[in-house]
Amino acid sequence: NGISFKLSNGVTIPGVGFGTFASEGAKGETYNAVMKALSIGYRHLDCAWYYLNEGEVGEAVQDFLKENPSVKREDLFITTKVWNHLHRYEDVLWSIDNSLKNLKTSYVDLFLIHWPIAAEKENQCTPKIGPDGKYVILKDLTENPEPTWRAMEKVYVEGKARAIGVSNWTIKGLEQLLSFAKVKPHVNQIEIHPFLPNKELVDYLEKNDILPQAYSPLGSQNQVPTTGEKVSENKTLNEVAQKNGYTFAQLLIAWGLRRGYVVLPKSSNPARIESNFQSIDLSDQDFEAVNQVADGRHFRFVNMKDTFGYDVWPEESKATISA
Ligand code: A2P
């Protein structure tokens, strides 16, 4: 799947990235999944400090490059993210260095602020958890992320990341960020699938030259909406896929690419890792059929409110789907 996009600074980003969050289970699972993905042809890996498996990703990358001398580090696009407890200026700088060490690379291609939430740390390796079992929110830094963004800009200027951006940010937060940014965010990574097309935000990002990246593009398979219907059980989506002989996942990946953004499917299953990377020809008619399923929906599966003790999308609480 050779589709790629260009970031506003001219950096090329492969359209399909391999998500590494699903594979944080047994030791070796991430290593095997990343090895498999790279051997199939994925060149874009989506990682995060929070996934606690950057070390395994780094080992897989190192071994893959050693075994395949025709592939160079610069052929890969590696993203990682800073977690909530490391939003203070100096902690962001610690976080990137820590991630680079784990990933065994001198730079990442993209460095993101994982959530628009700043939380207190126990120490650099652990977020502080309050008596209520939730993160201890740093209100000032959450409300004014300028120090965090200044550190992101430093990481970019120093060449430790070829692009920088955010994840899970709303239009309101981006407006604030754009008001003081010297380096504009190149990316906003958000949840997008046919039950959460996120059209308004996607349009806003396009207008501002910020590339969207879709996480949970398959509709977060483990979550069941309050309506009872999972994305993967939607009748129309399955009919369109079956009629054409491609999988439901291939349909949703092609739909996202056609809408103009990066798609980050994740899987630990070798056959699914492979089939998710096979491109399909999506007809205009079938693209429209998926658009129609998506039309008017706004069902969010990833809602960390209970963990964070902070609501990133307060205006949406009624529309949020519970697991
Ligand atoms: P598995 O690792 O067993 O393949 P999302 O990114 O929307 O949150 O979805 C990720 C989930 O989707 C994972 O649990 C993954 O499970 C599953 N998955 C990935 N690819 C496919 C596929 N082609 N068909 C069905 N399920 C898939």
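A residue is buried if 20 or more other C-beta atoms lie within 10 Å of its own, exposed if 12 or fewer, and partly exposed in between, with C-beta atoms placed from the backbone. Strand β11 (residues 211-215) shows the idea well. Five of its five residues are buried, so β11 is largely enclosed by the rest of the structure. Here a strand is a DSSP run of E with at least two residues, a helix is a run of H or I with at least four, and both are numbered from the N terminus.

This is a predicted model: local features need pLDDT of at least 70, side-chain atom pairs count only at pLDDT 80 or more, and totals for chains, interfaces and linings use all residues. Residues are numbered from 1 along each chain as its sequence is written.

Start with the whole protein. Its secondary structure comes to twelve helices and twelve strands. The radius of gyration is 19 Å, close to the 20 Å that the globule rule gives for 323 residues, so the protein is as compact as a globular protein of that length. That radius is taken over C-alpha atoms, and the rule is 2.2 Å times the number of residues to the power 0.38. Along its principal axes the C-alpha trace spans about 55 × 50 × 40 Å. Of the 323 residues, 43% are buried. Two residues are in contact if their C-beta atoms, placed from the backbone, lie within 7 Å. Take the contacts between residues at least 6 apart in sequence: 72% of them join residues at least 24 apart.

Now find the sheet. Eight strands form an open sheet with parallel pairing, in the order β3-β4-β5-β6-β9-β10-β11-β12. Its edge strands are β3 (18-19) and β12 (262-263), each pairing on one side only. Two strands pair if DSSP finds at least two bridges between them. Strands of a sheet pair through backbone hydrogen bonds, either parallel or antiparallel.

Walk across this sheet from β5. Strand β5 (residues 77-82) pairs with β6 (residues 110-113) in the parallel sense, over four bridges. Val82 stands opposite Ile113 in β6. Next, β6 and β9 pair in the parallel sense over three bridges. Ile113 has Val166 in β9 as its bridge partner. Strands β9 and β10 also pair in the parallel sense, over three bridges. The bridge partner of Val166 in β10 is Asn188. Then β10 (residues 187-191) and β11 pair in the parallel sense over five bridges. Here Ile190 meets its bridge partner Ala214 in β11.

What covers the faces of these strands? In a regular strand the side chains alternate between the two faces of the sheet. Both faces of β11 are covered: Leu211, Gln213 and Tyr215 are buried on one side, Pro212 and Ala214 on the other. Strand β9 (residues 164-167) is covered on both faces too, with Ile164 and Val166 buried on one side and Gly165 and Ser167 on the other. Val187, in strand β10, is buried with 25 other C-beta atoms within 10 Å.

Helix α3 (residues 89-103) lies across β5 and β6, running at about 140° to β5. Helix α2 (residues 54-67) and α3 pack at an angle of about 45°, with their axes 7 Å apart. Axes are lines fitted to C-alpha atoms, for helices over the stretch in contact, and angles run from 0 to 180 degrees between N-to-C directions. Angles under 35 degrees count as roughly parallel, over 145 as roughly antiparallel, 65 to 115 as roughly perpendicular and the rest as oblique. Helices α2 and α3 are therefore oblique to each other.

Finish with the nonpolar cores. Such a core is a set of buried Ala, Val, Leu, Ile, Met, Phe, Trp, Tyr and Cys residues joined through C-beta atoms within 7 Å. The largest has 75 residues, and Phe111, Met152, Val155, Ala161 and Leu251 have the most contacts inside it. Helix α9 (residues 248-259) gives the most to this core, with seven residues. Apart from this core lies another, of five residues, among them Trp115 and Tyr135.
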